[in-house]
Amino acid sequence: MSSEQASLHVDIEHHKESFISKYIFSYDHKMIGKQYMITALIWALIGMGLSWVMRIQLAYPGQQIPIFETLLGRYAEGGILAPEYYIAMMTMHGTIMVFFVLTAGLVGTFGNFLIPLQIGARDMAFPLINMLSYWTFFLASVVMLLSFFVESGPAAAGWTAYPPLSALSSAIPGSGAGQSLWLLSIALFIVSSLFGSLNYIVTVLNLRTKGMTLGRMPLTVWAVFIAAILGLLAFPVLLAGAIMLLLDKHLATSFFIPAGLYVGDALLSYEGGSPILWQHIFWFFGHPEVYIVALPALGICSEVIATCARKPLFGYKAMIASLLAIAFLSFIVWGHHMFVSGMNPFLGSVFVLTTILIAVPSAVKVFNWLTTLWRGKIHYTPGMLFAMGLVSLFITGGLTGIFLGNAPIDIQLHDTYFVVAHFHFVMGAAALFGIFAGIYHWFPKMYGRMMSNMWGRIHFWLTFVGIYLIFFPMHFMGTTGVPRRYYAFTEFEYTMQYGGMNEFITIATLITGAAQVIFLVNFFGSMFFGKKAETNPWKAATLEWTTDDPMPGHGNWKGEIPTVYRGPHEYSTPDGKEDFILQTDSTGFGKMDKE
Amino acid sequence: MNMETIVKEKGKRTSVPILPPISGDGRGKGGWGGGMPPGRSHYSLPIHPAKFGLWLFIAASVMLFAAFTSAYIVRSSAGDWLQFGMPSVMWYGTGALILSSVAVHFALKSIKAGKIDLFKKAMLLTVALGGVFIAGQFLGWAQLRASGLYLDTNASSAFFYMLTVTHIVHLIGGIIALSLVTTKGLLGRYNENNCLGVELCATYWHFLDVLWVYLFIFIIIT
């Protein structure tokens, strides 16, 4: 597989493709991106459904909810969710959202869709591997979905799969077949991610069009490129952990299971393994994973803000440098997830230092977004609203990160709702807003039609206000010590006082979740009935808006690939005819330069 | 990367870049932020994309084994660690693997010099030596089992089996690739201008060799 094959595909658009080669086993990066997007949206609905189940349980513990029995069957006999399945719903919510929604919905979707279009390439460097990447991901999805239907239920050890709970098949129902399928699915996901990363890195370094220097690449491409490097180096470490955990589960090794462990009355025969070792392996992967998700969202945010504020992105170089700094630091901060694991306090203080250092590049990004918005001619498109919403969520979640990064405070707040609030703001909601911003902004290029702006704005306000109503109160619960992952808060007086707040959060969750129907109707409706899009509806300067058709075919440009003469954000330039100059505009360059 | 490298590479290359040929006088004053004249047509690395992809795959594999061996160090220092010697037959296997690496290097040299016959013989030798290594690993595991060391006997044996099996899974992938390339070579599909498959195979095989030597020394000294 090599670039000659990519060039062969250039001709494909001229002859008719079958349904299967066009929509299913497609080699076209745009179709593969859309496949990732649709799959991620389906997973998002499932993940959201699970959060509804958890929230209803937390607000109305012990009450019979007939619909639970209808939907969940034996997980909720008599309409009351069983505790061991509450924890399974929570595990699957986290796993689905982190891997199948955010990673696939950002890196898979926008990496595939945008990289070749924005750097001026016909397709990815290895289209076949790209197709395999999606279908391996699909297989991982199927395996994860199957785990809901095994007798003992899906995995229940949290998305972090800490042993011994995840390693001992007899620990709780979910530790059996569900956990094995979970590990298998994650292993497949890792392979898929490896295929994707290979492609992104080679494509960005090898297939840029004439004039597209690294210093002229849009920030979306930079962000996905760096995220791909993180994925390439971090996911194999998780694979190593998953292999060892599978061996512990099925072949009686004791990598992670300590000696002298009892299940029921029986002493287990394991010897001397270390559960903390899993935590090191998991978080060495887990923290870069946070940025595999976050960086593409931040890249999308930068592009959309520059375009819709009609200003050059403030500090383009600083934005790239901060992406690189965040990526580098992400490999040396994993210990901040383990401050309460009995870690040497000196080592802990080193992790505090590296963690707090991340605040510097993060603040660079925030100030650059704010200074880009400052005195811009802001066009409040739905994509722009979600990008600005992302900035807000990133600040809110980032500030609580400074609290949690400090070991002395973290020891108090660890495993409380404060942590839940923190990562739902900075990773969950902010990255989700990146997906929404990206979909609203590039939908015209994906489907050649416009989404409704009015419904997009309504969707934004309901979601934005909803996110704050859901997660902000959790800070208060967390600071008073309400622990996360609990089935109900009916046993202790200090947690019972939050009954009303839990009910409030649940109602906010239900309303915000229901508001996503607006998005789905807008998305699928516009796909077929939306207003036909122009080639460049947002008057953006980057290459994807220069294609011949509003919805480019395989090969992207019908004629030659355009040459690039300038950076990606030339908005409101005084000497331009309009308030933007396309990257392909050669005005001001001599004849020699053009050739 | 500069003009010369591209021209030099061109002889070796079998692929044609998708984009129009190179023109322009270089990168200008650097393009941060825009406004500079365009540089080269297309910023291909001075290495074939497939080779670069392979190196990225190797980087990912290195991370996998780095994770395994770090876990090994952490676990072995925690006590309850049974010491045992490397099965003697694995020393011979290791020798065979190192020789096969030399053979594949010789095969690549031969095909690049146009000596097709030598190339075919060296490839067959490589595959055979790879087979010897695999046989050596299986015999080594049999020796261990005969002395009562199974996967679940102790953490040290668990790590030993896990490292050697994960390595051999990678190696079986390599030997399938080698066999395909050797078959194509025997059918006369390669010559001095068209030997990308051989180059990829050789690189991956050297990696497997170096990886094994690393694991071998690592296990012996810990």
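1. How many helices and strands does the secondary structure of chain B come to? In this predicted model, chain B has six helices and zero strands. Followed along the sequence, the elements of chain B give the pattern α-α-α-α-α-α.

2. Chain B holds 222 residues, of which 37% are buried. Among the contacts in chain B with a separation of 6 or more, 73% are between residues 24 or more positions apart.

3. The largest nonpolar core comprises 232 residues. Within this core, the most contacts belong to A:Leu295, A:Cys301, A:Leu390 and A:Ala430. Helix 5 of chain A, spanning residues 83–119, supplies the largest share of the core, namely 23 residues.

4. The surroundings of A:Ala430 may be listed in detail. Leaving aside residues up to four places away in sequence, A:Ala430 touches A:Ala294 and A:Ala297, then A:Leu390, A:Leu393, A:Phe394 and A:Gly397, and also A:Phe425. One of these partners, A:Leu390, is itself named with A:Ala430 among the core residues with the most contacts.

5. Helix 5 of chain A also packs against helix 3 of chain A (residues 29–59): their axes come within 8 Å and cross at roughly 160 degrees. Because angles over 145 degrees count as roughly antiparallel, helix 3 of chain A is roughly antiparallel to helix 5 of chain A. The crossing of these two helices is left-handed.

6. As to the composition of this helix pair, the residues of the contact of helix 3 with helix 5 of chain A comprise 21 nonpolar, eleven polar and one charged.

Methods
Residues numbered from 1 in each chain as written. Chains lettered and ligands numbered in written order. Predicted model: local features only at pLDDT ≥ 70, side-chain atom pairs only at ≥ 80, totals over all residues. Core = buried A, V, L, I, M, F, W, Y, C linked by C-beta atoms within 7 Å. Buried ≥ 20, exposed ≤ 12 C-beta atoms within 10 Å, placed from the backbone. Helix = DSSP H or I, 4+ residues; strand = E, 2+ residues; numbered from the N terminus. Contact = placed C-beta atoms within 7 Å. Axes fitted to C-alpha atoms, helices over the stretch in contact; angles between N-to-C directions. Parallel < 35°, antiparallel > 145°, perpendicular 65-115°, else oblique. Left-handed = near helix turned anticlockwise from the far one by under 90°. Nonpolar A, V, L, I, M, F, W, Y, C, P; charged D, E, K, R; others polar.
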